[in-house]
Amino acid sequence: MQRKTHNLAYRRVAFAALTLGLAAPAGIPVRQILAAPKDRVLAKAAPPAPQSPILSLPDAFGPGQEDDFIPQPSAGPRQFYFTRAAYTGYYRFRDFRSWSVDFPKADRQFLMGLRRLTNLDAYELENPVRLTDPEIGKYPFLYTVEVGYMALTEGEVEGLGRYLHAGGFLVVDDFWGTMEWENFQAQFQRILPGYPIVDIPLTHPIFNCFYDVKEIVQVPNVGQGMQGGPTWESDGYYPEVKGIFDEQGRLMVVINWNTDLGDAWEWAENPYYPLRFSTYAYQMGVNFIIYAMSH
Amino acid sequence: MPSWFESLFEFLFKYRPLLYDRGELSLGVSWPVVVAGVAGVAIAVPTLLRYRAIQGKASARDRLVLTGLRVAILLLVVFCLFRPSLVLSTVVPQRSFVGILLDDSRSMQIADVGGKARGAFIQETFGPEGSALAEALSEKFMLRFFRFSDSADRLSDPGSLGFAGPSTHLARALERSVSELSNVPLAGIVLVSDGADNSTDAISDTLLDLQARKVPVHTVGLGRERFTRDIEVSRVEAPRTVLEGSSLVVDVTLSQRGFDGETVRLDVEDDGRIVNSRDVTLTGEAEATTVRVHFTVPSPGARVFRFKVAVAEGEMVTQNNSREQLIEVEDRREKILYFEGEPRFELKFIRRAVTEDENLQLVCLQRTAEGKFLRLDVDDAEELASGFPKTREELFRYRGIVLGSIEASYFTHDQLRMIADFVSQRGGGLLVLGGRLSFSEGGYAGTPVEEVLPVVLEAVDISPETEEVSAPGFFASLVVEPTPFGTTHPVTQFGSDLESSAERFKTLPPLSTLNDVRSVKPGATTLLEGSGDGISDQPILVFQRYGRGKAIALTVNDSWQWQMHHDIPLEDLTHELFWRRLLRWLVSYVPDQVAVTTDKSRYAPGESVVLTAEVDDDRFLKVNNAQVQATVRAPSGDVVERPMEWTVDKDGEYRAGFLPGEKGIFEVAVQAEREGALLGTATSYMEIEDLDDEYFQAEMRAPLLSRIANETGGGFYRPETVSRLPEDMSYTEGGATVRERRDLWDMPALFLLMVGLVSAEWSYRKYRGLA
């Protein structure tokens, strides 16, 4: 059982030691992963080259867990890939890999639910793609977490900005408190300058295109959820769902602040993790995807 | 016939060939001649026998030749004695009537004969000063003059013709004049015209009638048969109605004389403003050059577009360099039902592409889970509340259907039948998109929808347990290219000309298909095809007409890559344009429940207009007992109401006529009701304007005029040969005639033949030394 502690002092030091403008890391070609899914699942990812900070697939599985969640992927190109944006984060948090929080278990478990609840032809496994990858246009739905620790390179800013203007949809999840919000806001001012971040009313189609969501629930991380105590972290007391709209009034980015849907997907099978959080998380996730594929 | 031949004939045979044509040959045998013949035989036979008895130094052959020659001479004399003659009917002078039809239409103003107008001949010949021809005619006949253009009237003063008639109807003119002169002895009709007939009726019926009445028509053709220099906008093919914001595609045909290989500029004007220009190179004289012009229509309403070519120097006719066309631009919102069987990005991006198009309403029914649907852009909460429409009334409210990746087993058999009837009976458009559950992979083989589709569906195995197709999934990544037809079709043309359009497609990213579509049906046309992954020429965009409507198949399943791919710049609008055009094309020409048409869009003043309405009910079956009312609004604001009557011979068709009293654009609104319930309304426009039809195809039509003359027993003349007309006219069967017998025995030909035979006999004897 792990408890993620986000100590305020710790974070201040981390930001003080922040290095901006990290070089674009060379990485493992993530497309190779898609080509041979079965092999990739069983084999661990190759270790990164030592000289520059790179993005690598972390050990998301705990000991003894690697064989548990392996659905049989079906062959052929699919209509939907749950794509996670692999971006450059601050060094201090997981060695630049804040994008990979809850990866890949959250992705896979969410996909299991998605495939059962809808008739979407979704690829069963995770699909991480770099923001600088030109092939990102093949996946018009993108998911990203821990944006409080986002430190995008210029190439990533341009890639994501272009992706969103062309018609891509981004779901932002799992960041808490004022300080992370400010980092997020600063990053998105670079990506979509001049686009305001506004509240999304509960009457918006994203709340009722598949499930009727009547209230916004704060979904805690797994530790706090299992303990049954307060659900908030940092100073993020109230959950909010905000969005960035384009000139035609279409939603481009949906932002889940002060809530952690990814953890709810990841630990939905855990009997101590309250069902109502997982239910809400799955409902919101399905709604996001149905909305993204029709609007 | 060349005139030297005619002169020679006349010299040899005493009369012109025309008289032999009209008359009959006969022998005037009488009893003195018979007596002379018998006496001749009585003398000749013993003489011959005596001669045979005498042997001389002549050989048998000589005897034969000489005997033959002498017998021939004798026979010739006997023939002349038998009085060969030509029997002719000639008209009694001043007892018969002749109708002279003078062409009073505008084409007679064309000055192509030595700088003089065609009508000048009429005025010189039949005008107040008189002429030899007029005198000769009036000596023999009583003349009755008629003027004709689109109708015929009696004319008292031939010199008063104004040549302002808007069109020429030869058949009507002939019928009218014949019926006016039916109670007098009619010797014939003289038709003085250039033959530039504008009517669409066949003239054969009129000619048969004239043949039966034995009235010969003599035609005098005025004007040149071929202009030396002229450019003409012969035809403009444009749709009568178009949706606002659409790109209009119009085919303009130019014909020319004397401008071979030159380049001219074709302008398209809308209300005086040039909306498009094209440079056209005129090809050989035998072919007309057709050019396709594109332009967008800005705002709704009835607009008159003018297609013109600048007048080049030396042109003989300048009024045929422009044509006008009335086109209605409609501002309506076409409803299309898009049924998607599973969540796909294709739906998202198609919606995005057409969301700003105010003339398209894409109603989306998206199946998100088993039995769960998401409805988008519906008019109210009840629309499609129970999923895909189950009744024809509900389905036929849409003008187009788009089927996404939805398997055939979702529909009941009746719904599949309804979709097929939507195309064949309602006349709507069906677009089927490629996907995991489309075409054969969706189990459509053997269903009514398969008949409608323009592609051939291979038979597939359906596994009995899952009721899904058990074949392995097909996948191919294809580079899309237009076919030669596709490079000119408005939906797939991305560029100002054919080459740039094909080049543009090469820069677009490849698309993928999940459907193994290999061949198209015989009547279908392919616009786009793809190659890649070892496949070549897989049909991608195919369409065919089916029944009253059309069916289109798009076999790729991710056209949104043309929007999202990293090679496509953000400003690029190819994807949006493609989908807007495709969906507009899908609903183009889809009929409504009530439709009103007129046979032309432009009429001349004074021409009566026939309105035709077609009325269907909401199942698009014809209705014969509706109350249909037409309201005509004139440009000045006057409103006229006319009830429309069912034309009994055709189901669902109603007709009314009216005579417009002024010039300008008229609006016709038709409303149809049945038992108090409104079936629908329709609007149409027409323009009343002085038409310039007369100046188009205004060359003298010698074949037509010759045909009229030959079939009725008359002759075809030109101004140079018309002096023979009075004499020729007198040899006719019609009118008050007498039969004349003219002797032929004194033909120079017979005399020459006699002289020839005698000298031949004499020279043979001299040659043989027989003295």
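**Note on the predicted model of chains A and B**

1. Between chain B and chain A the count is one salt bridge, a salt bridge being a side-chain nitrogen of Lys or Arg within 4 Å of a carboxyl oxygen of Asp or Glu. The partners are A:Asp121 and B:Arg436, with the closest N and O atoms 3.7 Å apart.

2. This is a predicted model, in which local features need pLDDT of at least 70 and side-chain atom pairs count only at pLDDT 80 or more, while totals for chains, interfaces and linings use all residues. Residues are numbered from 1 along each chain as its sequence is written, chains are lettered from A and ligands numbered from 1 in the order in which they are written, and side-chain values use heavy atoms, with hydrogens and water left out.

3. The interface involves 32 residues of chain B in contact with 31 residues of chain A (contact means heavy atoms within 4.5 Å). About 2,900 Å² is buried between the two chains, and carbon and sulfur atoms give 57% of that area. Buried area here is the accessible area (1.4 Å probe) that two parts lose on being put together, summed over both. B:Phe345, B:Arg352 and B:Met564 supply 25% of the area that chain B buries against chain A, more than any other three residues.

4. Over all chains the count comes to 66 salt bridges. One of them joins B:Asp194 to B:Arg118, at 2.6 Å from N to O. This pair links distant parts of the chain, 76 residues apart: B:Asp194 lies in the loop between β6 (186–193) and α8 of chain B, and B:Arg118 in the loop between β3 (97–103) and α5 (119–126) of chain B. Helices (H or I, at least four residues) and strands (E, at least two) are DSSP runs, numbered from the N terminus.

5. In chain B, helix α9 (residues 345–354) packs against helix α15 (residues 574–586) at an angle of about 85 degrees, with the axes 8 Å apart. Axes are lines fitted to C-alpha atoms, for helices over the stretch in contact, and angles run from 0 to 180 degrees between N-to-C directions. α9(B) and α15(B) are therefore roughly perpendicular to each other (angles under 35 degrees count as roughly parallel, over 145 as roughly antiparallel, 65 to 115 as roughly perpendicular and the rest as oblique). Residues making the contact include B:Phe349 and B:Ile350 of α9(B) and B:Trp579 and B:Leu583 of α15(B). By class, this contact has six nonpolar, one polar and three charged residues; Ala, Val, Leu, Ile, Met, Phe, Trp, Tyr, Cys and Pro count as nonpolar, Asp, Glu, Lys and Arg as charged, and the others, Gly among them, as polar.

6. Helices α7 (residues 170–180) and α8 (residues 204–213) of chain B have axes that come within 10 Å and cross at roughly 30 degrees, so α7(B) and α8(B) are roughly parallel to each other. B:Ala171, B:Leu174, B:Glu175 and B:Val178 in α7(B) meet B:Thr206, B:Leu210 and B:Arg213 in α8(B). The contact of α7(B) with α8(B) has four nonpolar, one polar and two charged residues.

7. Two backbone points remain. A cis peptide bond joins A:Phe103 and A:Pro104, with omega about -10 degrees; A:Pro104 is in the loop between β1 (83–86) and α4 (105–117) of chain A. B:Phe163, a residue other than glycine, has a positive phi near 50 degrees, and is found in the loop between β5 (152–155) and α7 of chain B.
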